[in-house]
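Hi,

Here is the structure I promised to pass on.

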Amino acid sequence: MMATTGSNGDDSALMRKESGEGENKKGKEEEENKTKTKTKKTKEEEEEEDREMERNCEALGSIGALFGDPLPCHGDAHTPFLYKYQPGEGERTVKFRLSLPASDVDLMAHYVWEASIKMADLVLSKEIEVKGKRVLELGAGCGLPSLAATTCGAKSILCTDYPDEAILATLKGNVEKNLDEDAAQVLKVQGHAWGTPLGEEKKFDVIMLADCLWLEDQQRGLLKSIRDNLANDGVAYLTFMEHNDHVREFFPLAKEFSLDYEELASMPWGGRELEDFDLEDEEADGLVYFGKMNKVQGHQP
Ligand SMILES: C[S@@+](CC[C@H](N)C(=O)[O-])C[C@H]1O[C@@H](n2cnc3c(N)ncnc32)[C@H](O)[C@@H]1O
């Protein structure tokens, strides 16, 4: 897999959405118009913006630098993130420019987390195969893995996050900003609170979830969403970090929902090698873990 780099930088395309009661219709229309105007940027303007973001990235040390930006999350409501993936020598670099929501709901959707960056890498490197598949993303945040799946021939992608206005508006904005009309047809954004009905009759071949395990009181709801929406022969892919002690409680709990878990890999991030992490101290939670879940066949919960 080729290394991914990213950058934080000032982005005039950012949806500067103020959430809260004071928001009125006029404000919303202005936001929509701003987004529409920004999607009409020329290729040259976009390339110049990318270069500007890359320059900022170098100034900051970028996530590729070991000590420049030691946090496993990037961007914020005023600082978008540029994701880049180089598939192979001579091949076109895949780039997504990601805005983050200013959301009232404190669910950590307002960063791009390393788990999401790794998930997108795994999709683009075909370690997660989405070609011809019906794909569902849960807790998508800014939607990076879903955007990646559009470039790899997924049949359809339902990209979901908590039904919060700011989160969903930003997700839709990221789709508009990054995909042409054809690619955007494949990807639908929808609000979905874990554990509630999704409203889709057909089940999904692939479910993706990045960095969604850390909320202890949401784990049962999340497992219900996986179980109810995964096809019997489908696979749910997870990337996650050990942000707290509850993260790994998810897997024994999964058995109650007839889901098996297999861990496939652990990965360093931010340009680090595994030996850069001192596994004896808190830095161990810096690793990103990758695993998959399958339905236990023939077992009814
Ligand atoms: C740590 S963020 C991860 C976001 C993104 N996947 C990433 O890795 O950058 C957790 C995500 O789960 C979503 N989330 C948390 N609780 C949720 C719930 N009960 N229902 C739906 N989404 C939820 C949040 O809105 C947020 O986008």
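Below is what turned up in it, starting with the ligand.

This is a predicted model, so local features need pLDDT of at least 70 and side-chain atom pairs count only at pLDDT 80 or more, while totals for chains, interfaces and linings use all residues. Residues are numbered from 1 along each chain as its sequence is written.

The ligand is surrounded by 21 residues, and the closest are Ala 109, Trp 113, Ser 116, Gly 139 and Gly 141 (near: C-beta atom, placed from the backbone, within 6 Å). Two or more residues of that shell come from each of strand S5 (112-113) and helix H3 (114-124) (DSSP runs, H or I of at least four residues for helices and E of at least two for strands, numbered from the N terminus).

Beyond its neighbours within four places in sequence, Leu 144 is in contact with residues including Tyr 83, Val 112, Ser 116 and Ala 120 (contact: C-beta atoms, placed from the backbone, within 7 Å).

Strand S7 (residues 156-161) is largely enclosed by the rest of the structure, because five of its six residues are buried. S6 and S7 run parallel, joined by four bridges, and Glu 137 stands opposite Cys 159 in S7.

Best wishes

Note on methods. Two residues are in contact if their C-beta atoms, placed from the backbone, lie within 7 Å. A residue is buried if 20 or more other C-beta atoms lie within 10 Å of its own, exposed if 12 or fewer, and partly exposed in between; C-beta atoms are placed from the backbone. Two strands pair if DSSP finds at least two bridges between them.
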